[in-house]
Amino acid sequence: MKKKYYITTPIYYPSGNWHIGHCYTTVICDALARFHKMLGEEVFFLTGTDEHGQKVEKEAAKRGITPLQFIDPLVAELKDMWKLLDISYDRFIRTTDQGHEKCVQKIYEKLFKSGDIYKSEYSGYYCTPCESMWTEAQLVNGKCPDCGREVTLQKEESYFFRLSKYAPRILKLYEDNPEFLQPKSRINEMVNNFLKPGLNDLCVSRTTVKWGVPLPFDKKHCAYVWIDALANYISALGYLSEDDALFKKFWAADLHLVGKEIVRFHAIIWPAILMALGLPVPKQIYGHGWLLIGGDKLSKSKQDAVKSELTDPYELVKRYGSDAVRYFLLREIPFGSDGEYTNEKLLSRINSDLANDLGNLVSRTTAMIGQYFGGTLPKRGKAEGVDGELVSMAEGAFGKVKSAMERLNAPEALSEIFAVVSRANKYIDETTPWILAKDESKKERLGTVLYNLAETVRICAILLRPFLTGAAGTILKSLGYSADAGFDELKFGGLKAGTKIEKLPPIFPRIDIKKELAEVAGLVKAKKAEKPKTEEKKVEEITIDDFAKVELKVGEVIACERVDNSDKLLHETVKIGEEVRSVVSGIAKYYSPEEMVGKKVVVVTNLKPVKLRGVLSEGMILCAEDTHGNLALVSPEKAMESGGSVR
């Protein structure tokens, strides 16, 4: 039976205005998930979005739209960012998913029936950005101890979870399972700051916030957003649903990887809820450090203070590639501790490790095989003394990499791989293939040297697959080897003599750091000087009579296919009441045909029909567009029959 591995990121509040700090946890989880899949394990990697609560409700109200209309484009934008970074999640959960909301209601019902939830009155201080409740004693200088922002005193009827009841069991959990919460400094923080002073029962419902999951036993109350959010780890597996096969297979989670600022929720509140439900707790919770910039945590509210650092993931990937951004996050930051981000550090890593070491090794090896053997891999002849160390290091690297990844230490794992890369570059200087090539009697030795180099490159590329998801496959293909090669193919000698080797250009071109930093500083300055789009172009006002000319109706997509010879267009068959229409939409980048079928959409039904790429379009499906140009369908917030009017 295959070993199971269940790994999660925290679910994200989709705020928009993304920066590189948002990517850190997810990139690490992705590398871990890919590594365990390559070990032959059955992996379930979960991420998603936290969409309920006061923040969303307020932001939507400001814009005069529904919370779902506000949140949908932001979720689409986050998914697009994960595609950009080649994140290989198995499930993306939204707390607005119907299955999740049903699960949350059943959890509340179970806890209420068991007496672990009771009604009382809440009086305390609430931080809206953190969705956190605090006592006066927990405030720091009268402000939120997590983010340092203002809090408001709130009083309302609420339901409470008996968190205090579980404090002794949580302390015992820490004592009996020292690996449960890591790094060890987080245990001291939880014990000294929360458990020893005494846990208060936890407010788990709100009456003043309507955007949330209504409690099944009291509809005027909504679930407190953190209980709602934490439940995603089991609702995503089908807990308390008709199909709980995934839950039975994968729970308890092997790893919840979270930022250190939310360890309290995961290491105290979440285990207590699971104990109350009679469920096993996760095997490990790891609270990693922050990505700092200028000595401070990089956050949305502080990005304006960043003078010349480019932190936008879209821009960074556009300039340097997904692999370079992933590599920096995985290699530069000491795992468990805070790490410093600057554009100069990123560029230095690209140049030193990726361009000079890995890129140089690959291009020199493939170029010499092309130059001296016509692009055909030579035979491996008799080994000489200098060969043994390289072969030994290449074959021994996997054990060291595996040990590091078992300790969640991606920087150490990458350091071990690049130690082999460095040794291979030194091997080139030691064996001097260009000198061997001048002596026909040394042809066999030259072949052995180049074979050893190609084979070392192959092994390093396989080991790099979880980390450099694009470059590793490119390297393997250039060697005539499968881009999907696994860890069972790491024995030295896997390449066959006679294989055609493709000469690769530099896969990570060297960057002129001084010039690039000047360009980046100019780009950042220009972006900050940009006027908001609303100021750049005045929108022409229309009257209610103008708007009344547009006929909008709810439609249901009953079939969908790609338009031939177009990578942008989808052809939808849309049912609008009793009528069926053909509609062509430029949304193929954002939705697959399979995703579209069954969706309720808003259609402009009185547009003049046109033909697009030879396909008749009898209307237009409405979408929302964010600041990055990403699209999301506009859909009714609640279930509506097709044919209904939109006004």
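Which residues does leucine 329 touch, not counting residues up to four places away in sequence?

Modeller: Bearing in mind that this is a predicted model, leucine 329 touches Ile20, Cys23, Tyr24, Val27 and Leu291, once residues up to four places away in sequence are not counted. Leu329 belongs to the largest nonpolar core, which has 114 residues, and together with Phe467 it touches the most other members of that core. Helix 17, residues 443-464, gives the most to this core, with 13 residues. Apart from it lies another core, of 71 residues, and among them are Tyr6, Ile117, Tyr126 and Ala167.

Helix 6 spans residues 184-195, and its 12 residues reach 15 Å from the first C-alpha to the last, close to the 16 Å expected at 1.5 Å a residue. Its buried residues are Arg186, Ile187, Met190, Val191, Phe194 and Leu195; seen down the axis of helix 6, these buried residues fall within an arc of 130°, so they line one face of the helix. What covers them includes helix 5 (167-176), strand 7 (181-182), helix 10 (263-277) and strand 13 (285-288).

A further site is alanine 76, whose place is in helix 3, residues 67-84. Alanine 76 touches Leu631 and Ala632, again not counting residues up to four places away in sequence, whereas alanine 76 and lysine 426, 350 residues apart in sequence, are 47 Å apart in space, C-alpha to C-alpha.

Methods
Residues numbered from 1 in each chain as written. Predicted model: local features only at pLDDT ≥ 70, side-chain atom pairs only at ≥ 80, totals over all residues. Heavy atoms only, no water. Helix = DSSP H or I, 4+ residues; strand = E, 2+ residues; numbered from the N terminus. Expected span 1.5 Å × (residues − 1). Buried < 20%, exposed > 50% of the residue type's maximum accessible area, 1.4 Å probe, protein only. Arc of directions from axis to C-beta. Contact = heavy atoms within 4.5 Å. Core = buried A, V, L, I, M, F, W, Y, C linked by side-chain atoms within 4.5 Å.
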